[in-house]
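Come along and check the entries against the view.

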Amino acid sequence: MGRNHTSKVAAGLDGANPVKRDRHPVWYPPLKLDGNGLKVMNSLTETLEDFAPRDGRVVRWYTCGPTVYDLSHMGHARAYLTFDIIRRIMEDYFGYSVLYQMNITDIDDKIIKRARVGKLLDDFKEGELHRSNVEKLVAFTAEAVAAAESNLAKRKAKLSEPIPEGANSRVKADHEEKMLELQLKESQLAETKEKIAAAKDDFAALFAAASGVNGDLLDERNGHTISDQQIFEDHARKYECAFFEDMQRLGIRDPDIVSRVTEYVPQVVEFVQKIIDNGFAYVGETSVFFDTEAYIRAGHDYPKLKPGGDRNTTEEEMAEGEGTLTKAVEGEKRSSNDFALWKFSKPGEPRWPSPWGAGRPGWHIECSVMASDVLGENMDIHSGGWDLKFPHHDNECAQSEACNLHNQWVNYFLHCGHLHIKGLKMSKSLKNFITIRQALDDLGVTPRTMRLLFLASPWYKPMNFSDQSLDEAKEKERVLRAFFGSVDIVLRADNWKATQGVNTYDRELLGKCIEAEAAVHAALQDNFDTVVALQQLMSLVAATNQYLLSGERPSATLVRKVGCYVTKMFRVFGVVEGSDDVGLQKQGSGDDETRFIEVMNALVRFRDEVRNAAKEQKAVAAFLPLCDKVRDEWLVDAGVRLEDNPAGPTAWKSDEPALLRKELAERRAQQEGDRKKKLTNQAETKRRLVEKWRQFVHPPSDFFRRQDEKKYTAYDDVTGLPTTTATGEEVSEKELKKLSKEQAKYAKSYDEFVSKGGVTWLQEQEAELASMVAELEDKK
């Protein structure tokens with residue numbers, strides 16, 4: 001097939017009237033808008049563009065899935081939770097029919113290296129080290145640390161080279177970020193060396209501390225010896241499973257279609273062959289490469305996602321796109337911007353057959369093939385993290401348009417901002433990440449808190465993961481729980497006996513509800529502005545709380561309206577689960593719920609009566625602790641929270657048993673901590689008491705005889721006072737007077753000791769101290 005082709009656009013796009021934004025190639029918008037008034041930030045133009053699907057209400061959406069080589073971290077949660085929120089808004093609020101496809105990258109340099117390292121470390125421990133050879137492990141670790149230091153030194157030298165004159169701001173910003181990353185890696189290596197030093201001759205501790213540096217050196221030397229392809233398959237399946245478990249815990253909707261690269265290799269080969277046939281690829285020594293210059297000469301735009309169309313791919317960008325295991329041979333590429341479509345496998349890498357030689361797909365081609373197979377030659381939305389814009393997504397576009405001979409493969413690119421921690425993008429390669437499981441299990445971040453955290457930040461901008469941002473999200477969750485609990489109390493009452501109509505307070509709340517609905521709608525039309533939408537909803541919640549505190553009778557119908565609207569919107573965002581009209585979770589329904597309410601009302605009345613009677617009959621010690629157990633412990637598994645009110649009856653609210661259990665565990669831990677602290681103080685006081693009175697177990701007549709200093713050799717038989725000094729001299733009258741005073745002072749304390757019970761009492765104190773010490777030891 002010749003190289004000169006007439007490009008085209010898919011049906012439903014306005015090929016006759018392309019949009020041209022400054023510093024961006026042309027963009028072909030949909031022919032028709034759908035009346036929703038939705039605008040989205042389209043990375044193809046870096047402008048808010050009117051959104052409409054190409055085909056009616058159907059939105060064809062492809063999102064880049066995980067490279068499954070390790071556990072997913074909070075940076076991944078930022079992407080997948082963000083797009084889950086946007087997907088829910090499109091489906092549940094704007095009413096689109098979304099076909100959502102996600103890929104699984106299970107062939108990749110990172111997977112290959114991580115799987116090999118795991119295998120090599122196991123073989124190293126079992127084989128060369130025989131699970132115990134510390135001397136050999138120490139020697140190898142020293143080599144590995146030296147190699148790691150050498151690599152960092154080379155990296156530092158390279159980054160220390162001056163930036164070329166005239167470099168744009170992007171290049172300068174990238175360089176600054178790389179310097180920060182280098183500093184982080186230097187500090188991490190220093191920490192590793194400290195752990196290695198602390199491990200000393202402890203084989204298990206040293207092997208664990210040095211596994212990172214040792215794994216790198218083992219792979220460098222022996223990675224080529226790994227030949228069992230099942231090792232890579234098993235590694236990928238393990239972390240793919242973990243990824244979907246994490247997504248389920250976060251409440252992220254499953255994709256409609258999941259596609260694995262390993263299941264698409266034959267289609268990849270066909271796709272690459274078609275690109276070659278169309279004149280846009282060639283076979284090199286290490287790979288089959290995409291011919292960027294031929295592609296541009298044919299009238300295509302490359303790249304599309306770099307402002308100004310900067311075609312010069314930096315060494316860093318090329319390394320990111322091609323992978324750590326892939327190095328092109330000098331002179332084999334027609335242009336430095338050309339990238340691999342098919343990589344010829346080296347020893348130690350998985351391989352599949354192809355007309356050009358055994359190998360594996362390049363990273364970019366994987367998404368092109370899978371998305372084109374499911375969604376066709378054009379899709380409405382393609383999403384991913386900000387760092388995927390170039391080269392990954394640009395190369396995807398080039399491959400797909402070169403294969404299908406279309407001018408526009410993607411209509412709207414959505415790129416979410418990074419999650420930063422201490423100023424740097426959270427990344428596995430930087431080892432500055434917090435896994436999703438650590439956040440949920442160790443940091444106590446609930447899935448609901450995480451959603452509120454991301455809702456409070458613009459989806460397309462970077463955001464910081466910090467204690468402050470987490471605390472703010474947790475406070476919003478607390479406010480929502482209290483709000484829905486208060487609404488529930490109003491709706492449980494027999495409100496038809498109350499005055500109906502509309503008073504001043506009702507009118508004010510109704511006006512705020514109408515205003516909030518309009519503001520939330522406008523915010524979601526404006527590029528899914530969940531920040532403003534969340535602010536409006538929380539303001540409406542605050543206004544409702546004030547309304548309920550006004551002292552006037554609450555309008556149950558109005559409170560229900562507000563509660564239903566707030567619930568509906570938070571259900572759209574994925575914050576609310578279940579199908580209740582009002583609330584964060586489902587409690588029950590129908591007659592069962594009515595009976596549950598009546599039982600709880602009766603229990604709360606009974607408890608209040610018991611508390612009041614206990615106070616009147618002066619039986620507080622007997623009954624109030626039991627009432628506290630009802631509130632703090634016995635209703636936890638039923639999902640009921642009691643809130644005592646000194647000025648009135650106790651209120652009860654439905655809540656999540658898991659949250660109440662967590663609060664109970666925290667209270668018990670706090671109480672146990674307080675008790676341990678109190679016991680520690682009591683033990684210290686008892687220790688001082690014992691040490692004090694141990695000095696007075698002997699009668700005053702033995703006071704001087706038992707002193708260590710041998711100043712005297714003879715004592716009075718009755719009083720015990722010294723009579724002769726060590727030098728044989730008689731004790732003088734003046735000194736005897738002084739010694740009598742010392743003895744009298746001791747005698748006073750001795751008499752007090754005897755009055756307490758003497759030696760028997762002291763033994764009791766020593767036993768109590770021993771019991772306290774033993775109890776403290778048991779609690780460690």
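I began with Cys564, which is partly exposed at a relative accessible area of 25%; my terms are buried for under 20% relative accessible area, exposed for over 50% and partly exposed in between, with a 1.4 Å probe and protein chains only. This is a predicted model, so local features need pLDDT of at least 70 and side-chain atom pairs count only at pLDDT 80 or more, while totals for chains, interfaces and linings use all residues. I number residues from 1 along each chain as its sequence is written, and side-chain values use heavy atoms, with hydrogens and water left out.

Next I searched the whole structure for disulfides (a pair of cysteine sulfur atoms within 2.5 Å) and found zero. Cys564 is in no disulfide, and the nearest cysteine sulfur, that of Cys513, is 10 Å away. For Cys64, also in no disulfide, the nearest cysteine sulfur belongs to Cys367, 3.9 Å away. Cys64 counts as buried, at 7% relative accessibility.

**Strand 10.** I then turned to strand 10 (residues 379-385), where seven of seven residues are buried. Helices (H or I, at least four residues) and strands (E, at least two) are DSSP runs, numbered from the N terminus. Two strands pair if DSSP finds at least two bridges between them.

- Strand 3 (residues 58-63) pairs with strand 10 in the parallel sense over three bridges, and Tyr62 stands opposite His382 of strand 10.
- Strand 11 (residues 410-416) runs parallel to strand 10, joined by six bridges; Gly384 has His415 in strand 11 as its bridge partner.
- Together with helix 12 (residues 389-404), strands 10 and 11 make a right-handed β-α-β unit: with the strands pointing away from the viewer, the path from the first strand over the helix to the second runs clockwise.

**Rings.** How many aromatic pairs are there? I got 29, pairing rings of Phe, Tyr and Trp (its six-membered ring) with centres within 6.5 Å; planes under 30 degrees apart count as stacked, over 60 as edge-to-face and the rest as tilted. Tyr746 and Tyr750 form a stacked pair, 6.5 Å centre to centre with 15° between the planes. These two are four residues apart in helix 22 (residues 733-756), so about one helical turn separates them. Both Tyr746 and Tyr750 are buried, and they belong to one aromatic cluster whose members include Trp693, Phe703 and Trp761.

Last, I looked for charges over rings (NZ of Lys or CZ of Arg within 6 Å of the ring centre and within 35 degrees of the ring normal). The charged end of Lys125 sits over Phe207, 4.6 Å from the ring centre; that of Lys306 sits over Phe390, at 4.1 Å.
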